[in-house]
Amino acid sequence: MWEVCQQHAQAASPELQETLLNKVVCLPDHLSNKLRGENLPIFLPQNYFPLLGTEIIQVLQRISDSLRGGLDCSISFVSQVLGKVCVHGRQKEILSTLVPCLTDLTKSDCIWQRMCWRLVECVPDRWMEAVVCGFVQAVPGADVLSRLLGNLVVKNKKAQFVVTQKLLLLQYSCPTAMLQNVLGYLALDNSRRFLLIKVLQELMETWASSSAVKHSPVEQQLYISKAILICLSHLKDVEIDSHRQELFTCVMEGMKCHLDSNLPRIRCLGMIVAESISSRINTDGPILKFQYEEDDETRELKSLLTQMPSPPSVISPPDEGKDSPSAVTEAESKPDRKPVAAAYAVSEEGSDSELDSDDDFIPYDMSADKELKKTKAPLYIRDCIEVLTGPEDVEKWEATMRVLETLIQRNTAATQEVSVELAKVLLHLEEKIYIDDFMELRQKALVAVTVTDPVPVAQYLTSQFYSLNYSLRQRMDILDVLALAAQELSRPKAPGKSKLSSVQTPYIQILPGSDSSKDWRRIVDERIRSKTRRFAKGQSQVELVCAPNKFSSVAGHFFFPLIQNFDRPLVTFDLLGDDHFVLGRLAHTLAILLYFAVNTVAAAAMGKALLEFVWALRFHTDSYVRQGLLSCVSSMLLSVPSDRLLEDVIEELVETQAWLADVAEKDPDGDCRRLALQNLLLMENLKTKLEAAPS
């Protein structure tokens, strides 16, 4: 390599250089092809390319000495070697040797810095992407990357495209440390800061695009959110002021797109990014503030905004300050600050308590006071309806809500007389007073009414789902109640037994007997067991409870009214328009209803109708809706008998299989791809079962 560098300064033969380049880079491949199993360990790729990196450092050292002596040398052949090694996928091996050495040599030597810049600038454009990506991965911090690459992104268009487009917008596989290296590199020099602002503008446009929010994976949106927050951490106040209006416009558009999403994770990402940008552009006025659950992801995102770029003199990742020796030393040198402050706070509290404990006032004599009587809960269903619809009585209203489910289950005959009226009251019930579990109590009462009198209540609820003047929350409550009631009705129970058997038979009590008669059955069983000889004993099995599926006879009343009007928009309710979140919940509910109708007469008709529903909406743009549709396919394959599937929907199944294969390969949402693969496996199992069955 050194000889070629000397000859290149005197216009050496290009053919010879190309031949030498191929031989140097591809030597492990040539030797392994010739020697096969007898190849030497030094020529294995994991050993050869670190050795090649060491040799490159020696060549660069000779070039440095020649330049200091006033002689001309060319570095382009070394750049070609580096580029070809990286494009062959060996960046990690060669740069693990090059980067630490170049980092040390360029600390205080301007000639080595210029040589390093020239080394990457002379890499041909077709190999530039591999070299830049390798350096971004290998360097420990943005300041080291800036020292090794210089202003490469300003001088080379290919490198600029890789750094500002390829690594940030066209893929999302880089870890957070690489993002910090890339964006910190753009921020460390004034000649590159215009690219940082340009990157932020493009990231904000992508973040605020409704099409990108709908069609991009959640992982990519998380990646873009991280990049935006890192950019904001590097921007100066002057730069923020000059782009304030543009940022404000993007925040308003992007916040709407993210909050309209049906996925909680995307909504949370939108809230965090909007909060962060608002805190930077509104330093004096009010800022946006949302309520969301704190987890590791949200804490990491917030930390990216407050994290400042590392100073150029430090060769370490930006997070070094957290566990640096100086920080530990400082913490150890001041161990008593917190305890002293805590002791001071305790002493202040103690002084306050001493002041408060002075007997300046004579306490009242409360020995004769009696505890107020608690309000009695209603004993009848009609009394509960009167309390819930009558004038406000706080204590009675709360007592009624807490006892209503038990009364419904205990008095089934009385509940059936007013079941629809009670369901109507509960559906329109608003929280008059604050109760911690009001929504849960209301839902349990509605489920109990539906289980007690399934047909009329289900008919009422399904008819109200497509009626006017209902909020989306009430419509989703209807879906939840129908799903929970179907689960309760399909759950097997022993004949004559229920949850409230002890309440229904309060007069049958076992009186405590004498000591001699206590546990007589256990004593007899133990005597028999001790005197019985057994040669083998199998595993004891608990007898399974067998009971008819109560949901079987009413499944159609739950299912078909829900599925028949989904494509008819109302003035305030459009499932195929803006209310796609409710459409996703509807799809999941229909899948649940069919799953609980397994082994019933109506299952085949329900499965056929559900497959038509899926086929009409299979190309929906919202990922949550597509997840619900894929759940419907799973439910159909699990619940409908295989022979009925082959008789009724064999052609539709073939088309569905092709659609599932397309979803499993191309859908941007990871959950959709996983569900599609599960459905393909179910179809494959169904095919195997049919082939194994005798004809």
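This is a predicted model: local features need pLDDT of at least 70, side-chain atom pairs count only at pLDDT 80 or more; totals for chains, interfaces and linings use all residues.
Q: Okay, how many residues does the largest nonpolar core have?
A: It has 97, and Leu-60, Phe-135 and Ile-228 have the most contacts inside it. A nonpolar core here is a set of buried Ala, Val, Leu, Ile, Met, Phe, Trp, Tyr and Cys residues joined through side-chain atoms within 4.5 Å. Buried means under 20% relative accessible area, exposed means over 50%, and partly exposed is in between (1.4 Å probe, protein chains only).

Q: Which helix gives the most to this core?
A: Helix α15 (residues 218-234), with nine residues. Helices are DSSP runs of H or I, at least four residues long, numbered from the N terminus.

Q: And where does that core lie?
A: Between domain 1 (1-149) and domain 2 (165-306), because both give residues to it. The domain bounds come from an automatic or database domain assignment.

Q: What is Leu-60 in contact with?
A: Leaving aside neighbours within four places in sequence, Leu-60 is in contact with Ile-75, Val-78, Leu-102, Trp-112, Met-115 and Leu-119. Contact means heavy atoms within 4.5 Å.

Q: What other core is there?
A: Apart from that one lies a core of 89 residues, including Trp-397, Leu-441, Phe-465 and Leu-645.

Q: New topic: how many salt bridges does the structure hold?
A: There are 27. A salt bridge here is a side-chain nitrogen of Lys or Arg within 4 Å of a carboxyl oxygen of Asp or Glu.

Q: Which residue pairs with Arg-244 in a salt bridge?
A: Asp-241, with the closest N and O atoms 2.1 Å apart. Arg-244 is partly exposed at 29% relative accessibility, and Asp-241 is partly exposed too, at 45%.

Q: What about Glu-398?
A: Glu-398 bridges to Arg-402, and the closest N and O atoms are 3.4 Å apart. Both lie in helix α24 (residues 394-410), four residues apart, or about one turn of the helix.

Q: How far apart are the closest N and O atoms of Asp-648 and Arg-644?
A: They're 3.2 Å apart, and the two residues form a salt bridge. Asp-648 and Arg-644 are separated by about one helical turn because they sit four residues apart in helix α36 (residues 642-648). Elsewhere, salt bridges that share partners join Arg-442, Arg-473, Asp-477, Asp-480 and Arg-585 into one network.

Q: Last one: which residues form the nonpolar patch on the surface?
A: Leu-646, Ile-650, Val-654 and Leu-690, with about 300 Å² of accessible area together. Patches are made of residues with over 30% relative accessible area and no salt bridge, with like charges joined within 9 Å and nonpolar side chains (Val, Leu, Ile, Met, Phe, Trp, Tyr) within 5 Å. Areas come from the Shrake-Rupley method with a 1.4 Å probe, and for residues only the protein chains shown count as cover.

Q: And where is Leu-690?
A: In helix α38 (residues 670-692). Leu-690 is partly exposed, with a relative accessible area of 32%.

Note on methods:
Residues are numbered from 1 along each chain as its sequence is written. Side-chain values use heavy atoms; hydrogens and water are left out. Helices (H or I, at least four residues) and strands (E, at least two) are DSSP runs, numbered from the N terminus.
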